[in-house]
Amino acid sequence: MLTKKAYYAFQALTHLVERYKQGPVLISEISLERKIPLKFLENILLELKNAGILDSKKGKGGGYYLRNDPAETRMATVFRIIDGPISMLPCVSLYFYRKCDNCNESFCGLHHTLEKVRDATLAILENSTLADLIITDKNPILG
């Protein structure tokens with residue numbers, strides 16, 4: 001299940017994708033229009049900035065903006081930044097692997113099943129970008 005933090009992160013990113021190339025967006029605007037608690041949003045945007053997804057400008061005309069073209073940032077990257085592993089068990093994670101207690105992965109049906117879930121999920125998230133957050137008949141970001 002998508003965490004509240006990830007949901008808010010993607011709501012904020014959708015807002016920034018919609019305003020891509022229009023200059024920095026005030027955090028208060030994102031908070032108000034997307035109904036995201038301001039303090040929670042500040043932490044999320046700072047985390048995305050520190051990870052290189054966003055940048056910011058201070059002072060008059062300041063705010064947050066996407067560092068790269070939305071079509072260049074994969075959704076899987078954002079999920080990992082915000083929530084960590086995409087997999088449902090640590091023993092099937094590609095980047096956050098940890099052996100499960102009292103389990104032999106070679107003989108664990110749950111392990112094998114959740115590897116398939118991970119692979120199917122990654123196939124979608126690795127091939128989806130922030131540009132895909134905007135759904136219209138003709139996505140202006142995608143052309």
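How many helices and how many strands are there in the protein? I looked this up in a predicted model. I found five helices and two strands.

**Extent and surface.** I took the box along the principal axes, and the C-alpha atoms fill roughly 60 × 35 × 25 Å. For the accessible surface of the protein I noted about 8700 Å². Carbon and sulfur atoms account for 55% of that surface.

**Burial.** I looked up what share of the protein is buried. Of its 143 residues, 37% are buried.

**Contacts along the sequence.** I kept to contacts between residues at least 6 apart in sequence. Of these, 57% join residues at least 24 apart.

**Charges.** I noted 19 positive and 16 negative side chains in the protein. The centres of the two sets lie 5 Å apart.

**Helices H1 and H3.** How do the axes of H1 and H3 cross, and within what distance do they come? Helix H1 covers residues 4-18 and helix H3 covers residues 38-50. Their axes come within 10 Å and cross at roughly 75 degrees. Angles of 65 to 115 degrees count as roughly perpendicular, so H1 is roughly perpendicular to H3.

Which residues meet between these two helices? On the H1 side I listed Lys4, Lys5, Tyr8, Ala9, Ala12 and Leu13. On the H3 side they meet Phe40, Leu41, Ile44, Leu45, Glu47 and Leu48.

Definitions and conventions
Residues numbered from 1 in each chain as written. Predicted model: local features only at pLDDT ≥ 70, side-chain atom pairs only at ≥ 80, totals over all residues. Heavy atoms only, no water. Helix = DSSP H or I, 4+ residues; strand = E, 2+ residues; numbered from the N terminus. Buried < 20%, exposed > 50% of the residue type's maximum accessible area, 1.4 Å probe, protein only. Contact = heavy atoms within 4.5 Å. Areas by Shrake-Rupley, 256 points an atom, 1.4 Å probe, with all protein chains shown as cover. Lys, Arg positive; Asp, Glu negative; His and termini not counted. Charge placed at Lys NZ, Arg CZ, Asp CG, Glu CD. Axes fitted to C-alpha atoms, helices over the stretch in contact; angles between N-to-C directions. Parallel < 35°, antiparallel > 145°, perpendicular 65-115°, else oblique.
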